[in-house]
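Here's a quick tour of a single-chain model, written for someone who likes to know the cut-offs. Have a look at the fold before reading on.

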Amino acid sequence: MTQISALTIDDLRRVPLLEDVPAEELEWMLPRLRLLHLAPGDQYIVFGKPVEDMAILLEGEIHVVDRNGDGPIWILREGELFGTLPYSRMQVSPGTGRPARPSRVAALHKENFPD
């Protein structure tokens, strides 16, 4: 897993849930987002670990399996938001997630939610 900081408003606008968000709000997000490049098989989501980020799958696909390795219990696809969201009750991950192909994830830590 590699963390890279180059992320643009255009990258965020390609996400359906963010396409109508005002530019100033996306500009606020940019310096707070961590951009991760994941290789197939990298473990990004860990069963039972605290979920502390709202994540945006910018590119790729992540398969999440249950604690026994069965599954996938869900497949995350490009343009989806996952992890914790403001007012979310999710505390820990219900499964383990690994990219099925090269993937890019933008992650916003929950400490930024009050802002």
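How many helices and strands does the chain have? There are 2 helices and 6 strands, where helices (H or I, at least four residues) and strands (E, at least two) are DSSP runs numbered from the N terminus. Reading from the N terminus, the order is β-α-α-β-β-β-β-β.

Some housekeeping: this is a predicted model, with local features needing pLDDT of at least 70, side-chain atom pairs counting only at pLDDT 80 or more, and totals for chains, interfaces and linings using all residues. Residues are numbered from 1 along each chain as its sequence is written, and side-chain values use heavy atoms, with hydrogens and water left out.

**Whole-chain numbers**

| Property | Value |
|---|---|
| Radius of gyration | 14 Å |
| C-alpha box along the principal axes | roughly 45 × 30 × 25 Å |
| Accessible surface | about 6,800 Å² |
| Distance between mean positions of positive and negative charges | 6 Å |

The surface figure is a Shrake-Rupley area with a 1.4 Å probe, and 50% of it belongs to carbon and sulfur atoms. Behind the charge figure are 12 positive and 18 negative charges; Lys and Arg count as positive, Asp and Glu as negative, with His and the chain ends not counted, and each charge sits at NZ of Lys, CZ of Arg, CG of Asp or CD of Glu.

**Inside the fold**

Of the 115 residues, 37% count as buried, meaning under 20% relative accessible area. A nonpolar core here is a set of buried Ala, Val, Leu, Ile, Met, Phe, Trp, Tyr and Cys residues joined through side-chain atoms within 4.5 Å. The largest one has 14 residues, and Leu7, Leu12, Leu18, Leu33, Ile56 and Leu58 touch the most other members. Two or more residues each come from α2 (23-29), β2 (33-38), β3 (53-65) and β6 (96-109), with β3 giving the largest share, 3 residues. A second, separate core of 12 residues includes Leu38, Ile45, Leu57 and Phe82.

Ile56 also has contacts (heavy atoms within 4.5 Å) beyond four places in sequence, among them Leu12, Met29, Glu80, Phe82 and Arg104.

Then there's Asn112, in the segment after β6. Asn112 counts as buried because its relative accessibility is 12%. Beyond four places in sequence, Asn112 touches Trp28 and Arg32.

Terms used. Buried means under 20% relative accessible area, exposed over 50%, partly exposed in between (1.4 Å probe, protein chains only). The radius of gyration is taken over C-alpha atoms; the globule rule is 2.2 Å times the number of residues to the power 0.38.
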